[in-house]
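Hi everyone, and thanks for making time today.

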Protein chains: 2
Amino acid sequence: MARKRIVIVGAGFGGMAAAKALKGADADITLIDRTNHHLFQPLLYQVATAALSPADIATATRALLERQTNVTVLMGEVTGVDAELGLVKTTDTADLAFDWLILATGAAYSFFGHETWAADAPVLKSLADALVIRERLLGAFEWAESHAGHQDIGGALTFVVVGGGPTGVELAGTIAELCRSTLARDFRRINPASARIILFEAGPHLLSAFPRRLSGYARKTLDALGVEVRTGVAVDHIDADGLAAGRERIATHNILWCAGTTARPAAKWLAAEAAKNGAVKVAADCSVPGHPTIFAVGDVASSDAGGGRTLPGLAPVAKQQGSYVGALLKARIAGRREPRPFHYRDLGTLAVIGRSRAVADFGWLRLTGFTAWLTWSLVHLMLLVDFRSRLMVYANWSWAWFTHGRGARLVVRHD
Amino acid sequence: MARKRIVIVGAGFGGMAAAKALKGADADITLIDRTNHHLFQPLLYQVATAALSPADIATATRALLERQTNVTVLMGEVTGVDAELGLVKTTDTADLAFDWLILATGAAYSFFGHETWAADAPVLKSLADALVIRERLLGAFEWAESHAGHQDIGGALTFVVVGGGPTGVELAGTIAELCRSTLARDFRRINPASARIILFEAGPHLLSAFPRRLSGYARKTLDALGVEVRTGVAVDHIDADGLAAGRERIATHNILWCAGTTARPAAKWLAAEAAKNGAVKVAADCSVPGHPTIFAVGDVASSDAGGGRTLPGLAPVAKQQGSYVGALLKARIAGRREPRPFHYRDLGTLAVIGRSRAVADFGWLRLTGFTAWLTWSLVHLMLLVDFRSRLMVYANWSWAWFTHGRGARLVVRHD
């Protein structure tokens, strides 16, 4: 019998966990991703706000899998799947033949049909995104210092974050600290502390996935940091001059989009049934109904969680599903008993709001403030994928905590 | 008497030293640079070869001068100088009026009239350059792994460095180590150790500014690392397919240009007398003849060193000249006795060739090998501008030394 060929699309939490779970499996595994790195997305907002460098939270995928000789890592863009022939189509290399396919392509941000807004409201999903946002944030202050007195100063020093989920809250809080503290003494002609930071959330509460008390704490903390929080207000329009929302018209050149997400187009590749956000509906073993050799894990999968709910688009779900499918295939290849249907183990959720301020929800325990922040810091340090990243993030955080500084305040591109 | 206005153009070693020497001076100082950061150029090749992150060797200029309240830092591009009216013209802000002007604009690479080569032979002067080179280097291996068997594999895995000065030698040595050691186990379809690295030098010796014995050591070390060194061979032509030099035609998509430098156009701004490389000829006090209120320091200045020679384009020269002019103006403002004519104090030169291999020339002492490398490492750690950079570089170096790894192996841009 020929050695089984497994293709994994995407080197995020789901795809990487699947590859690692297949360690030692008697199979030829190909892991393809359009970047060359595995990214620790939960800390991406810290790259966007100049606290960390890209290399602190991203590691070359092939370096992480160096010793796992049954895996070939490729950098390339997948354009489709031929389920019948068992082929993954890519732009960059020959078609990849598979016996089993694991789709772990993740999600992108959605502008709810207003795709033209994207040019003026960058999103935060990749390292490239984070560097674009960093350059824009820092560039806004540089422009203002060079153009003190200019009529556009107000727009240059107004920062709007759209979306009150964890990423939106983290960004708004961190930008506020950047203005009020890190940059406060560095300018002579403008006062960074006078910058406006506004956070829009269409729903009634920030951090809607958290218990109400923690949402309330997040709001109070952002208030104290000087962030203007607008809940229950949807954004109507965005262009280069600013944004309209409800009765308000805000002049700004700095809008960050952290609102709804949409799954990447794997469902279309398979003509499979999809949830409202485009995610592939999967069976209890993460396989795609009608395609027993194809699995979907993480944000690109829509998994029934009972009671009409689906599993949330969180890193732990992707990791656990990836490990599950990897283990399932490894058992299948070895002819061992396969694991029981996938069951998500909720280990709790965390969100950080600012220096020494966070919320943590473990179900049986809910924390706010410094204790939650310390928990958040330790958990995230431990979750980083390699020793080097832990060392670098720890060093950067320690330095930043004591000095209020940000180590990566760089504008690198020239236009 | 009105407070004196001093404009400094360029935040490299020369401009930054001038600004710092003016600490406490009763003057309004404006420091303008086209980037927002002070860059430690001697380690830029380590960013280009994925060993360090940009933030490890670059710090926001305004953060470095945060406490020096007589300095305003601006990010902007200078386009000319009106010496008569005492104005610096910029694209980004209103004209800057000066009583004294310090030009510290540095040098760029020169293609000796073949400016079209630039597209296929990137240079290494700025952080943006270093990231372009890093993406190309790493991208070449990624492309090769995806296209094993393709006819262009040879060109993808051939790396040519043009110019055998310190930067060329450092790059060639580091790329060789990257191929032979760091990347060796990370690919399944290609063998990175089979990559060709070729170093061209038009003159008869590598590191021509060093004593002959040290040049010879550099060559032997590069030989041992598997770098093909061609001295006495000038490059005749470069295009997207490769390079022609002497009788050789080399197919390669990876050419790095580290040959001749040319001063940035300050001499033209002043219509001042320039040396062959475009540098402004300066008097013994670094002022520009005919323009007693204008000074030039560092690579943009051509300073008589006696015997028909000029001072070399090295960081220590720029730093010492910048400090000198800053101190001179500070004394002039305070009505104190001005310092004697500038005298360059040669503290020695160093160049690194690879892991644990370097050369050091202190005149009275010449070192090679591990001792020179240790000296190089310690000196460069000490010269880094702030504590955070030292900490980060030290941590990265330690990690790399023990693991042979490179921490910043990231391809960030999508084309």
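First, some housekeeping. What you see is a predicted model, in which local features need pLDDT of at least 70 and side-chain atom pairs count only at pLDDT 80 or more, while totals for chains, interfaces and linings use all residues. Residues are numbered from 1 along each chain as its sequence is written, and chains are lettered from A and ligands numbered from 1 in the order in which they are written.

How confident is the predictor? The model scores ipTM 0.92 and pTM 0.94. For chain A, the mean pLDDT is 94, and 99% of the residues reach 70 or more; pLDDT is the predictor's confidence in each residue, from 0 to 100.

Now to where the chains meet. On the chain A side, 43 residues are in contact with 44 residues of chain B. Contact here says that the C-beta atoms of two residues, placed from the backbone, lie within 7 Å. Which elements of chain A give two or more residues to that side? They are α3 (54-57), β4 (58-60), α4 (61-64), β5 (71-75), α5 (127-146) and α12 (387-403). Those labels come from DSSP runs, numbered from the N terminus: helices are H or I with at least four residues, strands are E with at least two. Of these elements, α5(A) gives the most, with 7 residues. By class, this side of chain A has 19 nonpolar, 11 polar and 13 charged residues. For that count, Ala, Val, Leu, Ile, Met, Phe, Trp, Tyr, Cys and Pro are nonpolar, Asp, Glu, Lys and Arg are charged, and the others, Gly among them, are polar.

Let's step inside chain A. It is divided into domain 1 (4-34 + 76-109 + 261-334) and domain 2 (115-259), with bounds from an automatic or database domain assignment. Taken over C-alpha atoms, the centres of these two domains are separated by 34 Å.

On to the sheets. One open sheet of chain A has 3 strands in the order β14-β15-β16, with antiparallel pairing; strands pair if DSSP finds at least two bridges between them.

Strand β25 (residues 357-361) of chain A is joined to β26(A) by 3 bridges, and A:Ala360 is partnered with A:Leu367.

Over in chain B, β11 (residues 158-162) and β17 (residues 254-257) run parallel, joined by 4 bridges. There, B:Val160 stands opposite B:Ile255.

Finally, some single residues. Is A:Ala195 buried or exposed? A:Ala195 is buried, because 23 other C-beta atoms lie within 10 Å; the cut-offs are 20 or more for buried, 12 or fewer for exposed, and partly exposed in between, with C-beta atoms placed from the backbone. A:Ala195 sits in the loop between α7 (166-182) and β12 (196-201) of chain A. A:Leu157 is 38 residues away in sequence, yet the two are 4.9 Å apart in space, C-alpha to C-alpha.

My last stop is A:Phe112, in the loop between β10 (107-109) and α5 of chain A. A:Phe112 has a positive phi of about 50° although it is not a glycine. With 13 other C-beta atoms within 10 Å, A:Phe112 is partly exposed. In chain B, B:Phe112 also has a positive phi of about 50°.
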